Amino acid sequence: MPLDTTTKTDLIRVAHLLADAARPETLRLFRQPALSTDNKLDDGFDPVTEADRAAERAMRAVLANERPDDSILGEEFGHYQGTTEFTWVLDPIDGTRGYISGTPTWGVLISVADATGPLFGIIDQPYIGERFIGGFDLAQITGPRGQQALTTSAVTGLAAATVLTTFPEVGTELEMRAFQAVAGQTLLTRYGMDCYGYALLAAGQVDLVIEAGLNPYDIQAPIAVVTAAGGIVTDWAGGPAHQGGRALAAANPAIHAAALSVLKDVVDG
């Protein structure tokens, strides 16, 4: 059933409250000597900091006050089952590796979803002061240059495209080869952007983001923002991507189809 205007307005309001609550918690320890890092993995490196935990606690506190009956899925504190149709999907710091390295390409990811996927999302970069929003007929960035509309690029061919991914290895060996097959046909490849890559895609600065090994909280807010700006986000088979795994985000259907064809050729053998 379509959402009424009052519900949409309230969901947008609360999403901004969540971003406002997370900002000071992430900034408090960013580039500070007091920052300590824990590793979530026994084999490998998946960092988490007190800033991650504090930001998610702050957002959950807002939800407990503003929308206590909604469900929550957060990276640090897991799933809370509510009684409404809505789930808030939270990544308090997407790009913790970048955060602990002092780079400003991490972000706070917030989305609200129903059973069909994300409805509205925010990519917030507190240090730069940029907030990208998308959904409910909104596609905007607010930042140092004020408020501007988000519109994806009109580049339709791989030969003129810029493609981003976070890790050079992308995922498995097969996934890396599939990414490289696309990247080898593009004009420019850049690495290490985390969620900020999707923000740049929504802003029309780049044309493709290709990733693998994602969780729902990594991709749901980017899906909402990119889609609202005119882009398309699917998995590598062309299906829904909001449950995580492999993601292909593209500026428009034409360049999405071109990249998808290359990915499928490698993955399907």
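Me: Why are α1 and α2 called roughly antiparallel to each other?

Reply: Helix α1 (residues 5-29) and helix α2 (residues 50-66) pack at an angle of about 155°. Angles over 145 degrees count as roughly antiparallel (under 35 roughly parallel, 65 to 115 roughly perpendicular, the rest oblique), so α1 and α2 are roughly antiparallel. The angle runs from 0 to 180 degrees between N-to-C directions, with axes fitted to C-alpha atoms over the stretch in contact. This is a predicted model, in which local features need pLDDT of at least 70 and side-chain atom pairs count only at pLDDT 80 or more. Residues are numbered from 1 along each chain, and side-chain values use heavy atoms, without hydrogens and water.

Me: What makes residues of α1 and α2 meet?

Reply: Contact means heavy atoms within 4.5 Å. Among the α1 residues that meet α2 are Leu 17, Leu 18 and Ala 21, and the α2 side includes Ala 54, Ala 58 and Val 62. By class, this contact has 13 nonpolar, one polar and five charged residues.

Me: How do you know which residues of α4 are buried?

Reply: Buried means under 20% relative accessible area (exposed is over 50%, partly exposed in between; 1.4 Å probe, protein chains only). In α4, Glu 175, Ala 178, Phe 179, Val 182 and Ala 183 are buried.

Me: Why are the buried residues of α4 said to line one face of the helix?

Reply: Seen down the axis of α4, they fall within an arc of 135°, so they line one face. The arc is that of the directions from the helix axis to the C-beta atoms.

Me: What covers the buried residues of α4?

Reply: The cover includes β11 (162-165), β12 (188-191) and α7.

Technical notes
Helix = DSSP H or I, 4+ residues; strand = E, 2+ residues; numbered from the N terminus. Nonpolar A, V, L, I, M, F, W, Y, C, P; charged D, E, K, R; others polar.
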